Amino acid sequence: MAFDGIVVAAIVRELKATVENGKISKIAQPESDELLLTIKSPAGQYRLLLSASASLPLAYLTASNKPGPMTAPNFCMLLRKHIGNGRIVSVTQPGLERIISFEIEHLNDLGDLCRKFLIVELMGKHSNIIFCNDQGMILDSIKHVSSQMSSVREVLPGRNYFIPVTINKLDPLTVTKEAFIEEVFSKPMPLSRALYQSLTGLSPCMAEELCFRASLESDRSAVSFGENEQLHLYGVFSRMMEDVKNGIFSPVILYEQKEPVEFSALSLLQYQDAVSVSYDSISALLEQYYSEKNTLTRIRQKSSDLRRLVQTALDRNRKKYELQQKQLKDTDKREKYRVYGELLNTYGYEAVPGAKSMEALNYYTNEMITIPLDPTLTPSENAKKYFDRYGKLKRTYEAMTELLLETRSEIEHLESVLTALNIALAEEDLVEIREELVQSGYIRRKGTQKKVKITSRPFHYLSSDGFHIYVGKNNLQNEELTFRFASGNDWWFHAKGIPGSHVIVKTEGKELPDRTFEEAAALAAYYSSARDSDKVEIDYVERKHVKKPGGAKPGFVVYYTNYSMSISTDITSLTPVSDGR
């Protein structure tokens, strides 16, 4: 979700309650576009992170500390000189703009009381942190913006600070009913788009939420709504803005399949099927959301080379499999040629010399068939010709059958590696997957490179009834769990017929309750290639009935007697014990 004006309003309200009237004790600049302020206030000590990153502008309170560079950047040194030990007089937000303004009181070199303004603009690629004096003149900024970079506004020392004019947008906190209706419902575009293009600080997600709360179609043209619908939407909008004005926020993160998909400072009713997690603090929400998002994004970026390699190999094997299937189908005539040869050896004496065909009784089916003949050959020579064709096609059939099995096995292996890449949450998980690809011959180990040390461990859960459940993250871990870690009477779970993790429940000689079976099956469903499905069929059996065929790929097993159940992929009720045994 965009860092919209409503989220900024929630942050400002939290900062008013925490850092307002606080003293700035430390100023650090851990990144080129980021500040970390340590503030001691009557409410306690806080760290305030301010980021003007073009891709991820942020402002929130955090308990984490980030080390700065050995030599502080010039902007950081300027702030330390002017507002180090300064007091934050006020924290404000102009309208519903994505701007936070800190008014700071400090003593200058002569001991006179002065005021400065630290202004944080959270506007995507235009984000900035600007330091101004009490006259509104820019002293410096974390990013300099020259006239060559922007024709709208220069951000340079000596220039006057002003908020960029939001073209044709209204302030949601002060807009009248008449102006709202006239501006929104005059635009020939989908209603949700008309909302966020008419009102400052309103994100597309919040525009969709307004439409949902008003039970109006968000994709319907705004000009097509009648007066009653217009008044109803304004009423819903007014109630939402009253909550913002009064500081009534409900910070929430929405999860789908345990992945954060959205967050908001207000409740989002449109996500009815998502799991909602509420927070008392907008800062705690932002830190959690972006921490999880960053983890997933970083791992996907780091695994991109492995994904590309595996996907390329998978595409190549699938094409090869299709070609081999076609070649196998071409051998379907082999049995017909064998029968022709046998019938010619039996009834060839009846063939008319020079004939192009002959009728004969097929004693396998007790039906008459017509056998094509080469008129230049004798019946026995024709029979030999058919036996030669049969022999060639039989050899092709046997070879292609074996090749098809090998290619199918390779495809299943590569699909399981892709699933493991989707499961991976940490860099050490990728190390083990890369090692598997090295062992399988897809990646060549460098001559001097030693075998890597594996530190990744299976997921570890505790069932509601106290049984330990382990989930393999990749094929090597699946192999280790099933054939080295698990005992014969432990229970083994796996998604039926698709790539997925091996799940082991340690029984410790006890009988498992039904709830533990269901929880282990849910884990097998979630950690499979069908995790986005509503239901997944899971096979489960005692570990002693699971076997590994000779020469099989890592993690490949067979079993002949098993139970099955269809289960949801929802594992929100289960909490990992640790990332390892």
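**Salt bridges, rings and cores**

Author: Lysine 544 and glutamate 542 meet through their side chains in a salt bridge, 3.8 Å from N to O. A salt bridge here is a side-chain nitrogen of Lys or Arg within 4 Å of a carboxyl oxygen of Asp or Glu. This is a predicted model, where local features need pLDDT of at least 70, side-chain atom pairs count only at pLDDT 80 or more, and totals for chains, interfaces and linings use all residues. Residues are numbered from 1 along each chain as its sequence is written, and side-chain values use heavy atoms, with hydrogens and water left out.

Reader: Is lysine 544 buried, exposed or partly exposed?
Author: Lysine 544 is partly exposed, because its relative accessible area is 38%. Buried means under 20% relative accessible area, exposed over 50%, and partly exposed in between (1.4 Å probe, protein chains only).

Reader: How many salt bridges does the structure hold?
Author: It holds 27 salt bridges. One of them joins the side chains of lysine 384 and aspartate 388, at 3.2 Å from N to O.

Reader: Where do lysine 384 and aspartate 388 lie?
Author: Both are in helix α10, four residues apart, about one turn of the helix. Helices (H or I, at least four residues) and strands (E, at least two) are DSSP runs, numbered from the N terminus. Lysine 384 is exposed at 52%, and aspartate 388 is partly exposed at 44%.

Reader: Which residues are linked in a network of salt bridges?
Author: Arg87, Glu103, Glu105 and Arg115 are.

Reader: What does glutamate 103 stand opposite?
Author: Serine 90 stands opposite glutamate 103 in β6. Strands β5 (residues 87-92) and β6 (residues 99-107) pair in the antiparallel sense over five bridges. Two strands pair if DSSP finds at least two bridges between them. The hairpin has six residues between the strands, and glycine 95 there takes a positive phi near 60 degrees.

Reader: Switching to rings. How many aromatic pairs?
Author: The structure holds 23. Rings of Phe, Tyr and Trp (its six-membered ring) pair if their centres lie within 6.5 Å; planes under 30 degrees apart count as stacked, over 60 as edge-to-face and the rest as tilted. Tyrosine 337 and tyrosine 386 are stacked, because their centres are 5.8 Å apart and their planes are at 25 degrees. Tyrosine 337 lies in helix α9 (residues 334-347) and tyrosine 386 in helix α10 (residues 379-423), so the pair ties together parts 49 residues apart in sequence.

Reader: Is tyrosine 386 buried or exposed?
Author: Tyrosine 386 is buried, with a relative accessible area of 5%. Another pair is tyrosine 470 with phenylalanine 485, edge-to-face at 4.8 Å centre to centre and 75 degrees between the planes.

Reader: What lies over the face of phenylalanine 485?
Author: Lysine 506 does, at 5.0 Å from the ring centre. A charge sits over a ring if NZ of Lys or CZ of Arg is within 6 Å of the ring centre and within 35 degrees of the ring normal.

Reader: And the largest nonpolar core: which residues touch the most other members?
Author: Of its 85 residues, Ile6, Ile100, Phe102, Phe180 and Leu195 do. Such a core is a set of buried Ala, Val, Leu, Ile, Met, Phe, Trp, Tyr and Cys residues joined through side-chain atoms within 4.5 Å. Helix α1 (residues 5-18) gives the most to this core, with eight residues.
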